[in-house]
Amino acid sequence: MTIPTVFRRPTAKLSALLVLWLLSWTMACNQTPFQLELVPTFGQSFADLDVFSFQLSGPSLKDSETTPVSFDVSVRDGKADLPGLVLDPEAKEKWLRIQALGLTPNSNVQAFGAGRFLFPSATPTVFRILLSRTESFGWLTRMDGTQNGRSTLLSKIVGHETLALPDGRVLLIGGVSQFTEDNGLITLEAREHLSRRVMIYNPNDGSFTTSSQEFTNPRVFHTATWIDESRILVVGGLGVIGTTAGGFQVQSLGTAEIVDVSSPNNVRIYTAPHQPKRARAFHRAVPLSDGSILFVGGVGGPLLGSDGTARQGQEVLYLEMYDRQTETFLEVPSVAADPRMGRVWHRATAFSNDTVLVTGGLRIDENGRRKTAEEHLLLTRNGSSWNLSFIDVEATGGRKRFDHTATLAQDGSKEWIVVAGGRYVETSAMLRPIEIWDNQGKLVSGTNSLTETRYAHGAVWVPEQKEVLLGGGLSTSSGGLKAVFQGEAIKIPNFTVESRPQIQEKSGRYRCDPVRLSSDGRSFWLGGAIRDARNERSYLGLDTGEIYTPRVNNP
């Protein structure tokens with residue numbers, strides 16, 4: 001059957017929606033039409049698009065459960081040959097995936113939108129898809145149909161962990177609204193600045209909500225790692241323990257909590273059945289192929305809220321493993337404690353064979369002074385035991401650094417870890433050269449450089465374009481520190497650097513790690529911090545977020 005189409009050419013105005021009466025809903029012998037809307041990303045223009053190409057799939061499509069349904073809509077004349085589709089009320093799984101491509105007159109894809117919609121009981125009347133320019137950053141956008149505009153987080157947040165759910169929603173776990181930093185050493189300013197609930201972003205409607213339950217121990221600069229498809233393990237971090245004469249005490253936490261997302265509408269938080277052997281914050285958690293998690297580095301001593309003085313012995317020199325089968329934490333006996341293992345603001349990245357490369361970091365020497373770590377750590381696994389090798393960074397042609405990124409990049413069976421940006425504490429120098437390391441701990445390439453120095457920035461692997469995308473952070477200028485908002489990309493496998501569009505947050509997005517949706521390739525950059533203009537050591541969380549949409553191949 002032919003279903004009438006209502007169409008208006010998209011513009012930069014938020015009120016402009018592409019409205020298609022596409023489908024009929026069959027329920028109790030009645031057909032109820034519902035509406036599909038393409039919502040333009042806030043601030044982006046789509047006036048150059050000529051055709052929209054749609055694809056719908058999912059078990060709820062009657063007579064098309066396994067075969068995607070495709071059709072085009074012409075922007076120029078508003079015509080479409082729409083298939084007659086109905087949703088099956090008897091389907092055991094009730095979900096629908098919708099994808100939209102925006103093409104220019106020469107058939108190049110310049111815009112993309114996608115959504116996976118679950119409707120176990122309620123009958124949907126509108127499906128809204130966020131349409132974004134490809135190879136561009138765009139603001140998160142409200143999609144409620146009545147008050148479109150920028151979508152903002154429920155609170156300002158930095159130092160959180162960001163994870164993507166299989167259904168496309170994004171979790172923001174932990175964090176703080178502001179902190180004080182002195183060249184890598186962070187302290188908290190008030191107990192109430194800590195985030196007590198999980199924040200949930202739903203890209204299908206642009207909304208943010210929070211969990212009804214709170215963390216027993218609110219924390220920041222912790223780790224949050226998937227245990228299985230419905231549970232997340234939250235370990236360590238900085239928290240507030242008791243009070244002191246100065247008001248409160250900030251300390252590394254030795255606790256673990258579970259975030260359970262098995263029920264889509266009820267995120268639960270509860271204490272893990274077993275607790276870590278050691279307290280640590282600013283550490284790294286590395287998920288491994290068998291479901292276990294390796295914890296590396298961090299600090300374990302208390303930090304006073306009044307001054308946060310660094311003291312010898314804070315560094316955690318032991319590796320720890322979480323066993324998914326027994327849900328217990330175990331120290332790794334095959335790797336003895338070594339002072340060279342201690343570090344914060346490092347990165348720990350696993351290759352597909354579970355070899356882990358720990359790059360860079362900041363150390364505290366015997367006099368309490370900070371220094372840049374001189375060695376990378378190469379951890380190779382042999383069954384239940386681990387072997388540790390130290391790599392002298394400068395002797396191999398590399399550069400000591402911390403506050404960098406280290407991203408796994410792949411090209412077929414080949415794998416590398418791409419190290420980019422960062423700084424050197426001894427001279428406050430920012431680093432421009434990028435380094436490529438293999439799973440033998442060998443420096444493959446170190447000759448190419450970023451266009452602009454940056455540290456405490458974000459990075460994400462974009463497999464569709466075979467590149468590591470770098471976002472904003474901080475750098476230096478003649479007047480002191482400055483925000484970096486120019487995107488850059490490191491191409492694989494030639495390791496060259498290319499310019500990418502600017503991020504939207506022109507104050508930079510300090511200490512913001514993005515998350516990528518495996519379902520459609522888009523990445524979300526949520527929260528982060530900017531420097532407080534009134535106090536150069538104070539950083540204020542952001543309540544803004546943005547989306548990056550990679551290039552899409554022409555159909």
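In E48, which residue is the bridge partner of Thr 180? The bridge partner of Thr 180 in E48 is Ser 538. The legends below describe a predicted model, in which local features need pLDDT of at least 70 and side-chain atom pairs count only at pLDDT 80 or more, while totals for chains, interfaces and linings use all residues. Residues are numbered from 1 along each chain as its sequence is written, and side-chain values use heavy atoms, with hydrogens and water left out.

**View 1. The open sheet E13-E12-E48-E47.**
Four strands form this open sheet in the order E13-E12-E48-E47, with antiparallel pairing. Strands (E, at least two residues) are DSSP runs numbered from the N terminus, and two strands pair if DSSP finds at least two bridges between them. Strand E13 (185–187) and strand E47 (529–532) are at the edges with a single partner strand each, so one side of each is left without a neighbour in the sheet. Direction ignored, neighbouring strands are turned by 35 degrees against each other on average; the axes are lines fitted to C-alpha atoms, and angles run from 0 to 180 degrees between N-to-C directions. Within the sheet, strand E12 (residues 178–182) and strand E48 (residues 535–541) are joined by three bridges in the antiparallel sense.

**View 2. The open sheet E33-E34-E37-E38.**
This open sheet has four strands in the order E33-E34-E37-E38, and the pairing is antiparallel. E33 and strand E38 (443–445) are the edge strands, each pairing on one side only. From one strand to the next the twist averages 35 degrees. Two bridges link strand E37 (residues 435–437) to E38 in the antiparallel sense, and Ile 436 stands opposite Ser 445 in E38.

Buried means under 20% relative accessible area, exposed over 50%, and partly exposed in between (1.4 Å probe, protein chains only). E10 and E11 run antiparallel and are joined by four bridges, with Thr 162 opposite Leu 172 in E11. The hairpin of E10 and E11 has five residues between the strands, and Gly 168 in this hairpin takes a positive phi near 100 degrees. E11 also pairs with E14, in the antiparallel sense over three bridges; here Val 170 stands opposite Tyr 201 in E14.

**View 3. The largest pocket.**
A pocket is defined on a 1 Å grid over the protein atoms alone, as an open set of points where a 1.4 Å probe fits, with protein on both sides within 12 Å along at least five of seven lines; lining residues have an atom within 4 Å of a point. Grid points are joined across faces, edges and corners, and a volume is the space filled by probe spheres set on the points. The largest pocket has a volume of about 1,500 Å³. Its lining has 40 residues, with Thr 162, Ala 285, Pro 287, Pro 514 and Val 515 nearest the centre. Elements that give two or more residues to this lining include strand E10 (161–164), strand E22 (284–287) and strand E33 (405–411). E33 provides the largest share, five residues. By class the lining holds 21 nonpolar, 14 polar and five charged residues; Ala, Val, Leu, Ile, Met, Phe, Trp, Tyr, Cys and Pro count as nonpolar, Asp, Glu, Lys and Arg as charged, and the others, Gly among them, as polar.

**View 4. The largest cavity.**
A cavity is a set of grid points where the probe fits but cannot get out. There are two cavities of 30 Å³ or more, and the largest cavity has a volume of about 280 Å³. It is lined by 18 residues, of which Phe 221, Arg 284, Trp 345, Arg 347 and Asp 513 are the closest to its centre. The lining of the largest cavity divides into five nonpolar, seven polar and six charged residues.

**View 5. Ala 279 in its loop.**
Ala 279 lies in the loop between E21 and E22 and is partly exposed, with a relative accessible area of 23%. Leaving aside neighbours within four places in sequence, Ala 279 is in contact (heavy atoms within 4.5 Å) with Ser 252, Leu 253, Gly 254, Val 299, Gly 300 and Val 316. Ala 279 and Ser 252 are 27 residues apart in sequence and 5.7 Å apart in space, C-alpha to C-alpha.
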